[in-house]
Amino acid sequence: MTAILLELAQVLLVAFLAPLFAGLLRALRTILQNRRPAGCWQSYRDLYRLFHKESLQAEGTSWLFRFAPYGIFGAFCLAAGIIPILATGLPLAPAADVIALVGLFALARVFQVLAAMDTGTPFATLGAHREMLIAGLAEPALLATLFTASLLSRSTSLSVIVAHLEQLHFALHPSMVFAAAAFFMVLLAENARIPVDNPATHLELTMIHEAMLLEYSGRHLALMEWGAQIKLVLYVAIGIALFLPWGIVPTAEIAVLPLTVPILLLKFAAAALILALVETLLAKLRLFRSPEFMATAFLLGVVGLLSFFMLGA
Amino acid sequence: MISCLPLDLATGALLLWLGLGLLGFLLGGWPALACRLVFPASSVVALLLTIAGFTALTATPDHLQLHGPLPALPWSFQIDPLSGFFLILLGLLAFAVALFATGYFRSLPGPDLRRLMLQYHSFLLGMGLVLLAANAFTFLVAWEIMALASYFLVVTEHEEVGSRHAGFLYLLIAHLGALSILLGFVILAGATIAQGGPFSAMLHAPLNPFWASAAFLLTFFGFSAKAGLLPLHIWLPDAHPAAPAPVSALMSGAMLQMAFYGMLRVDFLFFGKLALWWGPFVLVVGLATALFGVLFAAVQTDMKRLLAYSSMENMGLIMVAFGLALIFRTHGLNALAALALAAALYHALNHAFFKGLLFLGSGSVLHGAGSVAMDRLGGLIRQMPQTAFFMLLGTLAIAGLPPLNGFVSEWLLLQAFLLSPALPQSTLSAVLPLAAAGVVLAAALAAYAMVKFYGIAFLGQPRGTRYVHEAGRWEQSAMALLSLACMFLGLFPGVLLNLLHPVLLEMLGRGFAIQQGLWLTPVSAQRASYSPVIFFLGMAIALGLGFLLIWSLFGRPLRRVPVWACGFPVRTPAMQDSPLGFVQPLLRIFAPLYQAERQADDAGRWQVRIGEPVYRGIYQPLNRIVLWLSAQVLRLQQGRITLYLLYSFLTLLVLLAIWR
Amino acid sequence: MMITTQGLAWGIPLLRLLAALLLLLAFAMLAQRRLLTLIHLLAWQGVVLAAGTALVALLTGQTELWFSAALTLCLKAILIPTVLHRLLRRLQVHGDVEAVLNIPLTLLAGIALVIFAFSLAAPITALTGTVTRGMVGIALAAVLLAFLMMITRRKAISQVVGFLAIDNGLFFAATSATLGMPMIVELGVALDALIGFVILGVFFFQIRETFDSMDLQNLEHIREE
C-alpha cells in the first residue's frame, strides 16, 4: 500500500514541480544575463493563463492533432512513474526497463511529430524533420549511455542499476565518465536547449521544438508546454539516478524519506544551475553543425561501451 | 494419430492450394465469381496450414517419401518444429492477404485474373513445399517453383519496361542464388546426393574445415540472394513495387523468411562444428545491410520502394540476431544463443505482419488515390480514415515503438547483446559494442524513415490527388486482422516465446524459462523485465485521467479556424515538405553514399535522382566485363565454313589423343 | 613505492577517473573547431595531469612528486596556455580551424585508434599485474588521438597544441603506469617539449612573415619546381 502511495506521490511531485524547475532555470539564466528575472513561479502563471484560454483547431487537421497533447502528457506521466526518483523498487518500475523507457520517449516524440505534420504548414514540417534528425542521432547516444550503466550493473532495470551504483560509493569507472559526457549532450539535444535549439526563440528558421507547437493554443498548448517541462525534469532525474544515485532509497526504507527529499531537491537545484551556466556560456549551433554535436555524443557513448568491454571497467 | 496429423494436414493444404489455383484458372471467364470463390477458400486453406504448423510444434517430427518420375530421386517431406513455426508465419500471412485479394482483384479483367490466380497459388505452393522439403532435390524444385511463380507475378504488368527489367534482374539473381545453394548442398550431401541428398544424411555431417567453410559460404551466398542482403539486394527495390500489392506483401513478409529458414536449417542443424569466423561474418553482413537499407529507405519517394528497402533493413536486423546466435553457439553458450535466436524468429514473424500490413495499405492507397508516389499524396487521413488508422498502427509497429510488436523483438535482441560479456574471446569484445550501437542507430533512423512514410502520404494537405475513395470491406478486414496480430504480439509476447520453446529445443538443445502471465523476463526478473500490458494500461490510465480532468475543468468545444502558419497569407500544398525535403539533412550528411544528382526539368522544377552505389560500383563493372568476354568469344564465330570444319577436326584430334 | 591498501581502495579508481577525463579532453580537442577552445582544453588537460601527479604523490608518499605536480600545474595549466593565447592575439589568427576530414569521420577514426590502443595495451596489463589496469591503454589512446589531431588540422597553432597534448599523454602514462616518475625521464620529456616549442615558435614567425597567414597549406607551395 505504501508503495502505491509513494508511486502516486512521485508522479504528482514530478508533474507539479516541473514548472517550478523550468521557472528556476529561466530565472537563473536571466540573472546570468544581467537582467531581472520574472520569478520562479512564472511558469505556473503561464500555464494557468493558457488553460483558461480558448483552444482552437486548425482547419484540415485530424484527430491526431487533438490526441497528441494528451498522448504526450500521458507518456511522460507514465515515465515519471517508472524512473526511480524518490525510491527504487516502486510497483511500476519492473514494467519497463531502460530500453522501454527510451521507447516511451520515442513514442511521445513520434506523436508530436505526426501532429506537426498533420497541420501541413511549412514550419511545422520543418520542425518535424529536424526533430526526427536530432532524435535519430540522440536516441542511439542515449541507449549507448544506458547500456554502459546496464553492463556495469548487469541489469537493464533502472531500480537495479541505481541500487548497484549506490553501493559502489566512489568507485568511479572510466566508462561512466564517457557515458556522463554523452548523457549531458543528449539531455541538451532532446530537451531543445542551447546549443541545439533555443527554447526562447521565435524565429521560424531556427526553431525545432517550438516550430511543432505553432498551431496549438489554449489547453492543448498548455499540455504540450507542461509535457516539455516534465520531460526536462525526467531527463535530469535519469541523470541523477545514473551518476549521483546516493539518496535514492529502496521502497522498504521509506522512513528515511524526509532526509532524502531535501537532498534530491538540492541535486535538482544544482542541475538547474549547471544547465543555466551551460546555456549562457554556449551559443546555438547552426543546424548542420548539430549532427556533428550528436555524432560526438553518440561516439562518446560508444567509447564508454568500448572501455567497458575492453578494459572491464 | 496426432503424430501423423501435421504432415498430412500440411500437404493436404498445399494440394488444395494447387487445386484452387487451377480452379481459378478454369473459372477465368467469370471473374467476379472466381474472385469471390477462390480467394476466401484460399484463406481457409491458409488457416489449415497454420493449424498444421501449430500441431507440428508439439508433435514428433514426421516423414514422408514419395517416388516420382525419376527412379533414384524421391520426393521427401518432413515436418518438425522449425518448419512448423514458418508454416504458422506463412499460413497467417496468406490468410490475411487472401482476404485482401478478394476485394483488391475484383476489378481485374478475366484473362489477367485467371493467370494471376494460378501464379499466386503456385507461389504459395512453392513456399509451402520449401518448408516441408526433406531432401535437397525436393527443396530445390520447390525453390525453383517459388522463384518462377514470383517472377511471373512480378511481371504482371508486362507492358511496362520497368516491370520487365525488374523481373529480369529478379530472375537472374534468384538463379544465381539457386545455383549457389545447389553447390552448397552437393558439398554437404557428399555421396548421398545421388539419392537426392536427404537432409537426414546431412545432419552434423563431418566435413573438414575447408569444405565446411566452402559449403557455409555457398549456402549463405545463395540464401542471401533470396533474402536481399548486401550486395545481392538490387532486385528488391524494383521487384516489390512492380508486383501487385498482395503479392508484394507475400514476397516481403514470407518469401524473404524462406531464405532465413534455409539458413537456419543449414547452419544450425547440418554443421556439426561452427567455425569461429562465421558468426561475426553474418553479423557484419547483417549490420551493413540494415544500415544501407534504412539509409536508402529514408530517401525514397515511392511508398512501395520505401517499404522494399525497409524490408532489406529488417532482414539485416534478423541476420544480426542470427549472427549473434551463431557466435554464442560457437562458444557453447546455448542459453544465450537461445535468446538471440528467439529475437531473430520473433522479428521474422513481426516483419511478416507489419510489412504485410503496410504493403496491403499501400495497395489500398494505390486503388483509392491512384498513385503511390508520395509527392502526389497527402492528407489521406481525412478521406481514407480506416486505412490511415491501420497504417498508423503498422508504422508505429515497424518503428519499434512500445507497446507494439516491433519493439519486443528489438528489446530481445538488445538484451542478447547486453549478455555478450559472457563471451571469452577478446577481439569480439570490440566488435559487439559497435554492433549494438549500429543496431540502435538503424532502429532510430528507421523511425525517421517510417514517420516520413506515414506523415507525407497521410497527413498534411493533399499534394495532387483530389478524388480519393476508401478501401473496400474485404481489404479493411484484412488490414484489421494484421493490426490485431501486431497488437497481440506486442502486448502478449510471452505467448509466442512459449510457442518458440520447441523450436529452440530442436535447434540448440535448450530454450529459456517459460514466460508467465503478463511479464517478459527472458533471463530473470532481476536482469530485465518488461510488461507491455501494464505499460499500455499505465499510459491509457494516465491519458484517460488527464483528459477527463482537463475536460471537466477547462473543457470547451473546439472552434475550427484557418491555419495560422506564422501569419503567411498564402498557403499552398507545395509549401509543405516534399518526400525528399523531409530527409534533406540526411541527403546532406550522407551525400557520398547517395550520389544524388540534381537536374532542373523543363518546368523549372528540381529533380533529384538518387544513385545506387552497389549497382554502379559492382554490377555495372561486372556487366561490362561479361559483355567484353562475350564479345571476345564472339570472335570464334567468323562465318567461314572452313574455320568451322577446322574446329571439328581439331576436336576430333584431341579426343583421339586423349582416348588413346 | 608503498601504497596502503586503504589508499588503494579509493585512490586507484580516482586515478582511473582522471585517466578517463584525460581521454575525454583528447576527444573534445579532436571535435573542436575553435582555436581558443583548443587552448582552454589543453589547460584543463594540464590541470588533470597535475591532479593525477598529486594523487600519486599522496598514495605513494614520494615528496618529489609534489614538486612535479606543482611544476606541471604552473607550466602546463597556466604558463604555456597563456603564452599560446598571447601568440594567438599577436598573430591575429581568426576564425575556425578547418579540419581536413569532417568531424564525424575524424571521430570514427578516433574510435578505431581507441580500439587499437586498448587491444595493444591488453597484453601489457596482463604482464604487469599491478593495479594500473586500463591506464596504459587510456594514456596510449590519448597520445594517438593527439597525433590524429595533428594530422587532421591545417593551422600551425593546432599542430603545437597537438604536440603538447602528445606530451601530456606520455607524461600521464609514465606517472600512472609506474606510479612515480624517475627524474631523468621527466627532465628528458620536459627538454624535448622545450626544444620543440622553441623551434615551432621560430617557425611561426617565419611562416607569418613570409605568407601573412598561418595556414600550413601555404607551405606546400615551397617546392623544387
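**Stop 1: Confidence in chain A**

Colour chain A by confidence and select strand S3 (residues 249-250) of chain A, where the mean is lowest at 76, and then helix H4 (residues 98-119) of chain A, where the mean is highest at 94. The value shown is pLDDT, the predictor's confidence in each residue, from 0 to 100. Helices (H or I, at least four residues) and strands (E, at least two) are DSSP runs, numbered from the N terminus. Chain A as a whole averages a pLDDT of 88, and 97% of its residues score at least 70.

This is a predicted model, in which local features need pLDDT of at least 70 and side-chain atom pairs count only at pLDDT 80 or more, while totals for chains, interfaces and linings use all residues. Residues are numbered from 1 along each chain as its sequence is written, chains are lettered from A and ligands numbered from 1 in the order in which they are written, and side-chain values use heavy atoms, with hydrogens and water left out. The model scores ipTM 0.94 and pTM 0.91.

**Stop 2: Details of chain A**

Select Asp46(A) and Arg49(A), whose side chains form a salt bridge at 3.2 Å, N to O. The term denotes a side-chain nitrogen of Lys or Arg within 4 Å of a carboxyl oxygen of Asp or Glu. Because Asp46(A) and Arg49(A) are 3 residues apart in helix H2 (residues 42-51) of chain A, about one helical turn separates them. Over all chains, the whole structure holds 14 salt bridges.

Then select Ile194(A) and Pro195(A), which are joined by a cis peptide bond with omega about 15°. Pro195(A) belongs to the loop between helix H7 (174-190) and helix H8 (218-243) of chain A. Most residues other than glycine have a negative phi, and most peptide bonds are trans.

**Stop 3: Chain B**

Another cis peptide bond links Pro402(B) and Pro403(B), with omega about -5°. Pro403(B) lies in the loop between helix H15 (385-398) and H16 of chain B.

Now display helix H12 (residues 303-330) and helix H16 (residues 405-418) of chain B: their axes come within 11 Å and cross at roughly 35°. Axes are lines fitted to C-alpha atoms, for helices over the stretch in contact, and angles run from 0 to 180 degrees between N-to-C directions. Which residues of H12(B) and H16(B) meet? Leu317(B), Val320(B), Ala321(B), Leu324(B) and Phe328(B) in H12(B) touch Glu410(B), Leu413(B), Ala416(B) and Phe417(B) in H16(B), where contact means heavy atoms within 4.5 Å.
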